[in-house]
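Reader: I am new to this structure and would like to go through its salt bridges. Could we take them one at a time?

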Amino acid sequence: MLDKTKPDWWKSAVFYQIYPKSFQDTNGDGIGDLPGIVSRLEYLQELGVDGIWLSPVYDSPQADNGYDISDYRAIYPPFGTMADLEALIRQADARGITIIMDLVLNHTSDQHQWFRRAKSSRDDPYHDYYIWRDGSPDSPPNDMKACFGGPAWTYVPELGQYYFCMFSPWQPDLNWENPAVRQELYDMIRFWVKKGIGGFRLDVIDAIGKLPDEKITTNGPKLHEYIRELRREAFPAPTIVTVGEAWSAGLAEAERYADPDGSELSMVFQFEHMLLDQGVDKWDVKPLPVVQLKQCCARWQNGLFGKGWNSLFLENHDLPRIVSRWGDDGKWRVESAKMLAMMIHGMQGTPYIYQGEELGMTNVRLAIEEYDDLEIRNAYAELTAKGWTPEAALDAIAARGRDNARTPMQWSAGKNAGFSTGTPWLPVHPNYPEVNAEAARKDPNSIFACYQKLIALRKTYPVFRDGTFTLLDPEDGSRFAYTRDTADEHLLVVCNFTAEEQPEVCPEAFRGAQALLHNYADPTGPLRPYEARMLYLKK
Ligand code: GLC
Ligand code: CA
């Protein structure tokens with residue numbers, strides 16, 4: 001077990017993200033719940049993770065599945081009660097698992113009391129909690145678009161004003177320039193720290209310094225000032241782990257966010273690697289440029305070395321399944337899922353595993369009416385209005401839509417994959433009789449077993465945490481190979497990103513080295529389809 005009283009304990013930790021709605025239902029309403037998570041702690045302990053990042057469980061009308069909060073201090077009733085959450089915190093803790101809460105500080109739900117009051121009158125003290133501009137029905141302050149479709153300004157006729165909403169009209173943006181807003185949020189965060197949680201994931205934190213009049217959403221001039229104040233006032237303890245979601249972050253920003261002096265956050269989720277296989281937007285699906293992926297990873301590994309800290313991830317609740325995206329979810333599902341896991345877990349940083357990734361869960365294809373996600377529904381309308389055929393729009397959605405990650409967790413070959421005895425809120429992927437946790441736990445060669453070993457290796461060999469990173473053959477578009485080195489440990493990771501055999505990569509020094517992990521028996525000779533090897537040497 002990690003010593004979580006050490007300020008940088010999270011550098012040795014591996015986290016697991018739970019999307020509560022899809023994890024485990026215990027009362028047959030088709031919606032995952034907190035008691036369901038408690039019932040699966042044993043599974044997470046067996047996997048070996050040190051913490052859970054819990055996607056939002058706060059009360060919410062669920063326009064965006066909880067990323068639209070109507071009460072930060074209450075639990076969404078279908079998920080359970082505050083007592084259920086406290087039980088989860090305690091019982092997870094007893095198994096060495098820390099709970100990381102999701103903090104949505106950029107916006108609330110339009111059903112939050114603050115917004116109801118804000119909307120009731122220009123003179124209400126809560127009015128200034130949100131961002132308002134005067135206007136008439138046909139003349140919004142500017143032409144900014146909301147991420148989930150439509151304009152970023154919503155008109156309230158009774159007030160003769162527009163409010164700013166970067167995501168959707170159901171998610172009005174908070175006015176961070178108002179000190180009362182900031183104090184109220186810090187107070188709420190202290191409430192959660194007192195409950196014994198271990199840290200926070202900060203939703204779209206790069207947007208809190210926005211200047212909508214100048215069409216600036218991310219990286220506004222006061223962003224880092226606000227984050228430093230947040231750290232000081234709300235979670236000063238160095239043991240609190242914090243990871244900010246920052247789609248806009250390049251290396252320079254990430255260095256500021258993750259300054260080792262602890263004045264801001266522990267680390268950020270940056271998405272450069274996740275944007276390489278798209279064109280104008282996420283629906284413009286392109287093949288993965290492997291050379292760019294390698295060079296991107298190398299830039300982040302080397303760029304933050306000693307100056308910050310990386311988060312390592314390939315999936316989350318907003319992204320498609322990685323085995324479908326960069327691997328092969330047909331013939332080579334098992335091999336390619338393990339290869340991708342070894343590729344990312346060999347690097348420096350804190351790994352985050354998204355529920356079902358450890359089983360090699362795959363993308364799903366649904367009929368348009370079966371999708372739940374507001375982004376998908378809006379995208380379908382917008383793409384088809386632009387002249388895309390319904391088939392083309394559905395292809396893009398099946399490749400990139402967020403519901404790929406949100407189909408229920410596949411626990412067993414039983415009814416509804418063991419997720420629920422009722423009707424699941426989103427269809428279960430039809431491949432559950434083959435892809436499920438029960439089968440994976442019994443199979444020593446499963447993807448689950450590979451993740452388990454990767455987590456254990458990180459705890460055994462300091463080189464995973466401390467080693468420098470060197471990319472081998474940067475221009476090779478088929479194989480991704482790198483070394484990690486400390487004064488006395490050397491690690492080689494080699495991954496074949498193709499379904500074809502490729503020549504072996506094995507620098508002289510690693511001849512005869514110990515194979516720590518591999519996804520084929522007998523890890524020697526040419527690389528077989530999606531083969532991956534981790535070799536290790538100690539001086
Ligand atoms: C983040 C969340 C996403 C949500 C959005 C708005 O990107 O990860 O799920 O829709 O913020 O809160
Ligand atoms: Ca339930």
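Reader: Which residue forms a salt bridge with Arg402?

Author: The model is a predicted one. In it, the closest N and O atoms of the pair are 2.9 Å apart, and a salt bridge needs such atoms within 4 Å. The partner of Arg402 is Asp373.

Reader: How many residues apart are Arg402 and Asp373?

Author: Arg402 lies in the loop between helix H12 (390-400) and helix H13 (437-442). Asp373 lies in the loop between strand S13 (350-354) and helix H11 (374-385). The pair links distant parts of the chain, and the separation is 29 residues.

Reader: Are Arg402 and Asp373 buried or exposed?

Author: The term buried applies under 20% relative accessible area, and exposed over 50%. Both Arg402 and Asp373 are buried.

Reader: Which residue meets Arg533 in a salt bridge?

Author: Arg533 is in strand S18 (residues 532-538), and its partner is in the loop between strand S16 (489-496) and strand S17 (514-518). The N to O distance is 3.6 Å. The partner is Glu504.

Reader: Why does Arg533 count as buried?

Author: The cut-off for buried is under 20% relative accessible area. Glu504, at 30% relative accessibility, counts as partly exposed. Arg533 is buried because its relative accessible area is 4%.

Reader: Where is Asp134, which meets Arg122 in a salt bridge?

Author: The side chains of Asp134 and Arg122 meet at 3.2 Å, N to O. Arg122 is in the loop between helix H4 (113-120) and S6, 12 residues apart from Asp134. Asp134 itself is in strand S6 (residues 132-134).

Reader: How many salt bridges are found in the whole structure?

Author: The pairs above include Arg402 with Asp373 and Arg533 with Glu504. A search of the whole structure gives a total of 37.

Definitions and conventions: Residues are numbered from 1 along each chain as its sequence is written. Chains are lettered from A and ligands numbered from 1 in the order in which they are written. This is a predicted model: local features need pLDDT of at least 70, side-chain atom pairs count only at pLDDT 80 or more; totals for chains, interfaces and linings use all residues. Side-chain values use heavy atoms; hydrogens and water are left out. Helices (H or I, at least four residues) and strands (E, at least two) are DSSP runs, numbered from the N terminus. Buried means under 20% relative accessible area, exposed over 50%, partly exposed in between (1.4 Å probe, protein chains only).
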